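Subject: Structure handover

Hello,

Here is the structure for you to take over. Please load it first, then read the notes below it.

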Amino acid sequence: MNLILLLPQDFINPTEVNLTGRRLQHVRSVHRAQVGDTLRVGALNGLLGQGVVTQVNDEHLTMAVTLSTPPPAKLALTLVLALPRPKVLNRVLAAATALGVAHITLLNSFRVEKGYWTNPRLGADNLLLQRLLGLEQAQDTGMPSVDLQRRFKPFVEDELGTRSAGTLRLVAHPEGAGPCPRAVTTPVTLVVGPEGGFIPFEVELLQKVGFAPVSLGPRILRVETAVATLVGRLF
Ligand code: SAM
């Protein structure tokens with residue numbers, strides 16, 4: 001935790017916060033915080049700054065906070081990700097958040113197992129927690145939005161074209177695609193496939209609405225590695 005992320009409900013008043021639960025445990029056990037110590041803090045979707053510990057015990061920690069620095073800018077990137085298996089989902093969500101992705105769509109596709117959609121890790125609490133972990137890692141406060149799309153064809157045919165208007169549309173696909181562009185200056189909508197890859201019909205449908213297949217070369221990468229590599233190339 002490189003940043004103590006402050007949620008609206010933590011604020012007792014505009015310059016004082018009260019922490020409990022996971023962040024209290026972390027600050028006590030890892031930072032070994034004492035009264036008078038200064039910690040790096042940031043208000044969710046707000047400014048970064050410092051907190052001076054004013055009280056700490058088993059139940060709670062209070063800090064006087066000064067918030068003055070804007071967080072890093074989000075990347076002009078929407079990531080449309082075929083829903084990975086739950087463990088991988090956690091890692092990819094946290095990593096995509098840490099990398100600065102602005103919006104994440106989790107999409108069904110032929111090779112996404114149906115059971116993934118009913119896994120508790122897809123619940124709102126876990127989706128929030130993984131993004132909080134990503135923000136804490138990256139010292140960022142800007143929470144990316146997430147939406148779930150359970151129907152591939154209607155979403156791609158009826159919504160994705162409009163949503164991605166004015167952006168560079170790319171689908172990461174190892175087979176028969178051109179190289180992924182580097183250091184682009186336009187906003188990007190990037191589609192990444194499931195662990196088994198997209199089927200030809202899905203790639204064709206994406207192409208119909210303007211998505212160009214791009215490759216990272218002949219090595220087949222895990223989803224989380226592919227996402228990090230694609231973001232690193234594009235921005
Ligand atoms: N056997 C699958 C295939 O050939 O598509 C492998 C899928 S890979 C584990 C999961 C996703 O990561 C792919 O659908 C693609 O979006 C992305 N990916 C992995 N390696 C890639 C590469 N070398 N080039 C482009 N995308 C890649």
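The model is predicted. My notes follow, one region at a time.

**Ser164**

The side chain of Ser164 makes a polar contact with the side chain of Arg169, at 2.7 Å. A polar atom of that serine side chain also lies 3.3 Å from the backbone oxygen of Gly161. Ser164 sits in the loop between helix H4 (152-163) and strand E10 (168-172). Is Ser164 buried or exposed? Its relative accessible area is 0%, so Ser164 counts as buried; the cut-off is under 20%. Setting aside neighbours within four places in sequence, Ser164 contacts Arg169, Thr189 and Phe211.

**The six-stranded sheet**

Six strands make an open sheet. Their order is E1-E4-E5-E6-E3-E2, with mixed pairing. Strands E1 (4-6) and E2 (11-13) are the edges, and each pairs on one side only. From one strand to the next, the twist averages 40°.

How do E1 and E4 pair, and over how many bridges? E1 and strand E4 (residues 38-43) are parallel, with three bridges. Leu6 has Ala43 of E4 as its bridge partner. Helix H1 (residues 21-29) packs on this sheet. H1 touches E1, strand E3 (16-19), E4, strand E5 (48-56) and strand E6 (61-69). The direction of H1 makes about 150° with that of E1.

**Strand E8**

Strand E7 (residues 77-82) and E8 run parallel, joined by five bridges.

**The largest pocket**

The largest pocket holds about 470 Å³ of space. Its lining has 25 residues. Pro174, Pro194, Ile220, Leu221 and Ala226 lie nearest the centre. Which elements give two or more residues to the lining? They are helix H2 (86-99), strand E13 (212-215) and helix H6 (223-234). H6 gives the most, with three residues.

Over to you.

Best regards

How values were computed: Residues numbered from 1 in each chain as written. Predicted model: local features only at pLDDT ≥ 70, side-chain atom pairs only at ≥ 80, totals over all residues. Heavy atoms only, no water. Helix = DSSP H or I, 4+ residues; strand = E, 2+ residues; numbered from the N terminus. Buried < 20%, exposed > 50% of the residue type's maximum accessible area, 1.4 Å probe, protein only. Polar contact = N/O pair within 3.5 Å; in protein donor to acceptor, adjacent residues only side chain to side chain. Contact = heavy atoms within 4.5 Å. Pairing = 2+ DSSP bridges. Axes fitted to C-alpha atoms, helices over the stretch in contact; angles between N-to-C directions. 1 Å grid on protein atoms, 1.4 Å probe; cavity = no way out; pocket = protein on both sides within 12 Å on 5 of 7 lines; lining within 4 Å. Points joined across faces, edges and corners; volume = space filled by probe spheres on them.
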